[in-house]
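Hello,

Here is the structure I promised to pass on. My notes follow below it.

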Amino acid sequence: MTPIETGPKKLFDLYPGIERLSLFVAFEEADAEAEPNYQQIIFTEDSVAAFRLECSRDDCVDGGFDYEPFIDELIRSGAQQAQGRIACPGSLGRQEDGSCCKLLSEYRIILERKA
Ligand SMILES: [Zn+2]
């Protein structure tokens with residue numbers, strides 16, 4: 001017997017009260033002086049609710065950024081937007097002495113709730 005594939009969750013399935021969710025993310029090196037360059041990712045009701053991004057460093061192992069806890073917290077809080085920064089938990093290189101990646105990501109989340 002094959003298990004039933006439920007498929008990826010959509011935004012509506014997870015958060016039925018949300019019409020649109022905008023996630024702005026920027027990555028910066030720890031010592032970068034340049035202004036962060038934000039990318040905008042828009043989720044509408046039919047979008048797959050995937051809030052995790054890969055680390056942009058090629059040599060990063062087990063890294064990535066998971067924005068879902070922040071989105072979840074924001075939606076539960078009743079506020080319209082939130083921002084902050086997180087560091088990549090991955091490591092660089094496969095040797096045991098590989099240093100931590102710690103690539104920083106600034107994020108901003110803006111919600112449009114249904115009236
Ligand atoms: Zn990384």
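In which helix is aspartate 72 found? Aspartate 72 is in helix H2. Helices (H or I, at least four residues) and strands (E, at least two) are DSSP runs, numbered from the N terminus.

Two points before you start. This is a predicted model: local features need pLDDT of at least 70, side-chain atom pairs count only at pLDDT 80 or more, and totals for chains, interfaces and linings use all residues. Residues are numbered from 1 along each chain as its sequence is written.

**Fold**
The chain has two helices and eight strands. Their order along the sequence is α-β-β-β-β-β-α-β-β-β.

**Sheet**
Four strands make an open sheet, ordered E2-E1-E8-E6, with antiparallel pairing. Two strands count as paired if DSSP finds at least two bridges between them. Strand E2 (39-44) and strand E6 (81-87) are at the edges with a single partner strand each, so one side of each has no neighbour in the sheet. The twist averages 20° from one strand to the next. Axes here are lines fitted to C-alpha atoms, for helices over the stretch in contact, and angles run from 0 to 180 degrees between N-to-C directions. E1 and E2 pair over six bridges.

**Core**
The largest nonpolar core has 18 residues. Such a core is a set of buried Ala, Val, Leu, Ile, Met, Phe, Trp, Tyr and Cys residues joined through C-beta atoms within 7 Å. Leu21, Ile71, Cys88 and Ile109 have the most contacts inside this core. Strand E1 (18-28), helix H2 (68-77) and strand E8 (104-113) each supply at least two of its residues. E8 gives the largest share, three residues.

Buried means 20 or more other C-beta atoms within 10 Å of a residue's own, exposed 12 or fewer, partly exposed in between, with C-beta atoms placed from the backbone. Of the 115 residues, 18% are buried.

**Single residues**
- Cysteine 88: leaving aside neighbours within four places in sequence, its contacts (C-beta atoms, placed from the backbone, within 7 Å) include Cys55, Cys60 and Cys101.
- Aspartate 72: partly exposed, because 13 other C-beta atoms lie within 10 Å.
- Lysine 114: in the segment after E8, and exposed, with 9 other C-beta atoms within 10 Å. Its C-alpha atom is 5.7 Å from that of isoleucine 18, 96 residues apart along the chain.

Best wishes

Methods:
Two residues are in contact if their C-beta atoms, placed from the backbone, lie within 7 Å.
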